[in-house]
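Colleague: I am new to reading protein models. Could you walk me through this one, step by step?

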Amino acid sequence: MNLEKKIERLTLLLRLDGELDMHTASTLRHAIDSEIEKRGIRTVILNLQGVQFVDSSGLGVILGRYKKLLPLGGKLKITNVPPHIYKIMELSGLPKIISFYVDEAHAYEEGRGA
Amino acid sequence: MKSNQISLTFSSIPENVSLARLLIASVGGQLDLSLNDIEELKVAVSEAVSNAIIHGYQNVPNNIVYLDLDITNNLLTIVVKDEGCGISNVEQAMQPAYSTDPERMGLGFVFMQSFMDELQVKSALEEGTIVTMKKHFKQTPISSH
């Protein structure tokens, strides 16, 4: 899995490309946690446009980052989810917990100036 | 009666989960399955193999995971076997949101159950776990040449 990273103030944007399973989940976990710890990142936006596969290990890592950010007053946002990936996420109940956006612009917009 | 059997044995390392998916996707492509069905098979296999590595073998890498596929008539049978620690309470382990690890969602068996027509789990402590999943499909899959 490839990760493209963009940091703007306290927001980390990650564009994911590839398969999100138990193997690649640890890469994603490390990429997010290290930025939270190093730079005090409080908003994480995950762009899933390039994700071809996700299973419960991948979903677990996403939920885990949400749980990590919550007590820090942070937020996790998900954008650009391909339909077949959304189906799996829906079955897991994740969209009831985490905010989904059509694109990065909408994810950046929400909460800005609040 | 036409049938096909395929077996893959591999080390219990995370890198091999994608290999198992590749095999089921390729076999699924030969059957009369929709792309959506193939996606679901990939998730089911991914969950079963991940469970074998994470729970069965407790992430210890030098163990073997067995993946056996059988296609007979219009039935695909997938068997994922490990010789790991086993599950003490299979019924409890299969409950949604049951997980021994807070980073995990406890959805592995839920996905297997949702995406397959049949799911059977046999486990014995210190002996291992056998997950058998079945999926029916429409037409005769194997070409006759």
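Modeller: Gladly! Let us begin with helix axes: they are lines fitted to C-alpha atoms, for helices over the stretch in contact, with angles running from 0 to 180 degrees between N-to-C directions. This is a predicted model, where local features need pLDDT of at least 70, side-chain atom pairs count only at pLDDT 80 or more, and totals for chains, interfaces and linings use all residues. Residues are numbered from 1 along each chain as its sequence is written, while chains are lettered from A and ligands numbered from 1 in the order in which they are written.

Colleague: At what angle do the axes of H1 and H2 of chain A cross?

Modeller: Two packed helices are described by the angle between their axes and the distance between the axes. Here, helix H1 (residues 22-39) and helix H2 (residues 56-69) of chain A cross at roughly 15 degrees, with axes that come within 8 Å. Helices (H or I, at least four residues) and strands (E, at least two) are DSSP runs, numbered from the N terminus. Angles under 35 degrees count as roughly parallel, over 145 as roughly antiparallel, 65 to 115 as roughly perpendicular and the rest as oblique, so H1(A) and H2(A) are roughly parallel to each other.

Colleague: How is chain A built along its sequence?

Modeller: Chain A has four helices and five strands, in the order β-β-α-β-α-β-α-β-α from the N terminus. Chain B also comes to four helices and five strands, but its pattern is β-α-α-β-β-α-α-β-β.

Colleague: Where does chain B touch chain A?

Modeller: In the contact, 19 residues of chain B face 17 residues of chain A. The elements of chain B giving two or more residues to that side are helix H1 (15-30), helix H2 (35-56) and helix H4 (108-115). H2(B) provides the largest share, eight residues.

Colleague: How confident is the predictor in chain B?

Modeller: Confidence in each residue is given by pLDDT, from 0 to 100. Where pLDDT is low, the predicted coordinates should not be read in detail. Chain B has a mean pLDDT of 92, and 92% of its residues reach 70 or more. The model scores ipTM 0.92 and pTM 0.93.

Note on methods. Contact = placed C-beta atoms within 7 Å.
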